[in-house]
Amino acid sequence: MALRTSPEVGGMGHSIKRKEDPRFIRGKGNYVDDLQLPGMLYLDIVRSPFAHATIKKIDAAKALAVPGVLAVITGQDLAKYNLHWMPTLMSDTQMVLPVEKVMYQAQEVAAVLATSRYTAADGVAAVEVEYEPLPVVVDPRKALEPGAPVLRTDKKDKKDNHIWHWEWGDRTATDQAFAEAQVSVKQDIYIPRIHVASIETCGCIAQWDKVNGKLTVWMTTQAPHAIRTVFALVAGHVGLAEHKIRIISPDIGGGFGGKVPVYPGYVIAVAASVLTGKPVKWMEDRMENLQADSFARDYHITAELAAKKDGRLTAIRIKTVADHGYTDAAANPSKFPAGLFHICTGSYDFKAAHVEVDGAYTNKPPGGIAYRCSFRVTEAVHTIERMADIMAHELGMDPAEFRFANFIKPEQFPYKSALGWEYDSGNYAGALRKAMDRIGYAELRREQALKRERGLLMGIGISSFTEIVGAGPSKHFDILGLKMFDSCEIRIHPTGKAIARFGTKSQGQGHETTYAQILAEELGIPAADIQIEEGDTDTAPYGLGTYASRSTPVAGAAAAVAARKVRDKARQIAAHLLECSPDDLVWEPGKFSVKGAPNRFKTIQDIAFAAYTNHPAGMEAGLEAVSYYDPPNLTYPFGSYICVVDIDKGTGEVKVRRFVAVDDCGNIINPMIVDGQIHGGLTMGFAPALLEEISYDEIGNIQGGSFIDYLVPTAVETPKWETDKTCTPSPHHPLGAKGVGESATVGAPAAIANAVVDALWHLGVRHVDIPITPAKVWKLLRERGVTE
Ligand code: CDP
């Protein structure tokens with residue numbers, strides 16, 4: 001059957017067409033969507049209503065008749081330059097525009113170039129595409145069954161939908177521990193696909209300067225340097241050399257992992273600018289962002305725990321099927337196709353562990369990027385924390401006491417886990433004890449018992465998570481071979497003011513404040529006198545960017561190390577000015593003074609001036625330094641969260657009554673920013689626990705492709721967060737700091753899910769998959785004969 005359809009089919013409408021639409025009137029800012037260039041052209045994308053279909057014909061005639069439409073770009077056009085496919089970060093391949101078939105609903109089919117955003121949208125509506133639908137596979141477990149339709153027919157030797165098998169740990173020791181276990185539990189857990197839904201969608205302006213042969217792209221990317229290298233590798237053959245590419249990430253309205261990948265829109269905008277010689281802008285709308293950008297999670301997990309009767313855990317065994325959509329475009333370090341999922345031993349002292357993951361292709365958008373999490377850590381934490389609760393309940397132990405019995409103890413650090421990680425520092429019992437005191441745990445358990453007698457449903461859930469953030473070390477971590485270090489370059493001007501540039505890129509985390517604080521602390525220059533810059537590849541030193549809470553562990557450390565190099569040179573200059581030996585000088589923030597003669601001193605500003613006017617003979621002028629910091633280890637922030645829920649038996653609604661979060665990210669640079677990170681992270685943990693999910697029907701129609709169905713929490717739904725801290729510094733970070741940006745997103749969902757199951761366990765409920773919607777709970781209650 002050949003169908004003729006317009007792009008509106010399947011909810012892919014481009015209804016924003018009228019110039020007076022208030023959604024296009026924006027305040028002036030420094031976001032891509034705020035930027036305008038003279039003579040700029042606009043790109044809009046025709047998207048597929050089908051999840052799997054052969055493209056029979058693309059008819060651009062009506063679109064080209066729309067006044068202002070200049071061109072309709074297809075895969076065939078890009079194929080002439082071999083730009084219709086591009087590599088993914090996991091060395092798979094992804095279509096820029098299709099030549100033969102589409103692989104998921106909302107996939108890019110063609111692009112319309114026009115003189116305004118509105119005419120581009122009108123052009124998209126006028127493009128007619130004939131499709132021949134193909135069988136659709138949306139369940140990765142079915143995709144792996146023998147006889148399933150093979151999706152990646154472009155890979156000539158591919159005979160199935162299996163992408164890779166990855167396993168870690170000691171299978172024999174683990175199987176033996178299970179064979180000898182006094183108690184074991186097993187549970188299927190599905191962690192559904194979710195989407196980061198940043199306030200700002202993705203977009204770019206590509207500007208090809210044909211006089212200088214230079215390409216500048218302002219784009220919403222979390223990793224500008226890596227993108228520059230990828231562009232040079234992909235388009236080198238058409239003349240785009242790396243020194244002629246400048247990527248600028250201006251202000252970014254949230255990234256959370258979703259702005260790490262290269263999306264087809266960026267590439268088409270670049271190609272269109274090179275072909276026309278004009279600046280070309282592409283900016284997704286909200287539905288395109290939700291439906292077509294890389295997604296997170298989609299893990300089908302079977303987990304098992306083994307323990308002794310006294311509650312001591314002995315082994316963990318996990319098998320997982322990972323749905324990667326039609327291509328493996330995960331943003332993982334290349335050595336770890338399942339990310340850092342093998343942090344799944346969590347905060348507990350296991351002797352044996354084994355984990356296996358199989359990646360599968362399905363008819364969905366590319367996937368496996370993060371949702372504010374360091375490469376599959378949320379999936380790992382959710383699994384171990386849910387399983388710990390199931391085991392505790394099975395043994396009849398209080399979940400807190402069960403955790404205390406199994407925590408890695410402070411004296412065991414640095415701790416080598418059964419899956420090979422070396423945890424740097426931790427005090428898990430300390431954080432849980434503090435959270436229990438803060439929430440009044442014993443009293444809540446008494447209240448729960450009384451309420452249960454009255455038939456009321458109240459639950460208390462704990463999540464005592466371990467994070468793992470700060471990739472590198474470069475010996476284990478690379479993306480497309482690029483080693484995962486990060487950088488800081490500082491220049492002190494003659495008058496003592498400074499500029500510092502970094503290889504990371506803030507998306508709202510406040511790097512401008514915290515990096516300036518680090519440098520101010522290390523150099524004694526007021527923070528207001530230090531200009532912080534990130535995100536311009538022509539000026540910033542090379543770095544791998546900001547995601548996976550790596551900025552503080554890596555670039556923050558680079559700032560400290562670069563500042564210390566500046567201080568070393570400043571000491572030499574001060575000794576020259578004070579006519580003494582460098583060893584006779586004492587540093588205190590802001591000045592060097594002579595030992596025993598505190599009145600003989602030179603301030604950092606005096607020294608900076610001398611560096612350009614009166615530096616010692618034989619020394620190079622200037623006061624600057626750069627550090628490319630390769631961390632010796634990751635950092636392991638952690639926390640204990642306790643959640644109290646009440647469940648409405650009539651509607652199945654779960655109400656989070658209280659939520660106490662005790663976090664530990666080592667030494668804190670800026671407490672207010674850290675609190676902000678935790679509050680936002682908790683909300684982004686609450687969201688997938690109770691609200692957010694993207695699912696598909698059996699023919700690949702997306703459910704959750706707009707904010708009508710994809711339930712991002714507002715202030716109305718969001719609980720009041722009660723936060724607290726402990727402080728266990730990282731022994732290897734120059735400032736004792738650990739990352740924090742993702743801790744709360746990682747730790748929160750399990751606390752909420754555990755609270756819900758805790759409320760329902762006596763009814764025979766062992767597990768509920770997130771999101772725990774009122775409909776799911778209502779059904780569980782009715783199945784057990786519970787009515788209002
Ligand atoms: O990589 P990303 O910036 O997303 O995450 P991060 O390194 O965890 O930092 C998030 C924000 O919290 C940054 O502004 C950090 O400087 C700040 N932070 C802090 O003040 N103290 C810490 N120990 C960790 C982070």
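In the predicted model, Gly472 is found in the loop that runs between strand β23 (457-466) and strand β24 (478-479). The peptide bond that joins Ala471 to Gly472 is cis, with an omega of about 5 degrees. A cis peptide bond also joins Phe413 and Pro414, where omega is about -5 degrees, and Pro414 is placed in the loop between helix α10 (399-406) and strand β21 (415-416). A further backbone feature concerns Ser91, which has a positive phi of about 65 degrees although this residue is not a glycine; Ser91 lies in the loop between strands β5 (85-87) and β6 (93-95).

With regard to the overall fold, the chain has 18 helices and 37 strands. The radius of gyration of the chain is 28 Å, close to the 28 Å that the globule rule gives for 788 residues, so the chain is as compact as a globular protein of that length. Along the principal axes of the chain, the C-alpha trace spans about 85 × 75 × 50 Å.

The ligand sits in the largest pocket, where 23 residues surround the ligand, the closest being Gln509, His511, Ser551, Thr552 and Val740. Three helices, namely α13 (511-523), α14 (551-578) and α16 (671-690), each supply at least two residues of the shell around the ligand. When the residues of this shell are sorted by class, eight are nonpolar, 13 are polar and two are charged.

For Gly741, a backbone N or O atom lies 2.8 Å from an oxygen atom of the ligand, while for Asn670 a polar backbone atom is placed 2.9 Å from a ligand oxygen atom. A nitrogen atom of the ligand, in turn, is 3.1 Å from a polar backbone atom of Lys738. Of the 520 Å² of accessible area that the ligand has on its own, the protein covers 98%.

Technical notes:
Residues are numbered from 1 along each chain as its sequence is written. This is a predicted model: local features need pLDDT of at least 70, side-chain atom pairs count only at pLDDT 80 or more; totals for chains, interfaces and linings use all residues. Side-chain values use heavy atoms; hydrogens and water are left out. A residue is near a molecule or strand if one of its heavy atoms lies within 4 Å of it. A polar contact is a pair of N or O atoms within 3.5 Å; within protein, one must be able to donate a hydrogen and the other to accept it, and residues adjacent in sequence count only if both atoms are side-chain atoms. Accessible areas come from the Shrake-Rupley method with a 1.4 Å probe; for residues, only the protein chains shown count as cover. On a 1 Å grid over the protein atoms alone, a cavity is a set of points where a 1.4 Å probe fits but cannot get out, and a pocket is an open set with protein on both sides within 12 Å along at least five of seven lines; lining residues have an atom within 4 Å of a point. A molecule sits in a cavity or pocket if more than half of its atoms lie within 2 Å of its grid points. Helices (H or I, at least four residues) and strands (E, at least two) are DSSP runs, numbered from the N terminus. Ala, Val, Leu, Ile, Met, Phe, Trp, Tyr, Cys and Pro count as nonpolar, Asp, Glu, Lys and Arg as charged, and the others, Gly among them, as polar. The radius of gyration is taken over C-alpha atoms; the globule rule is 2.2 Å times the number of residues to the power 0.38.
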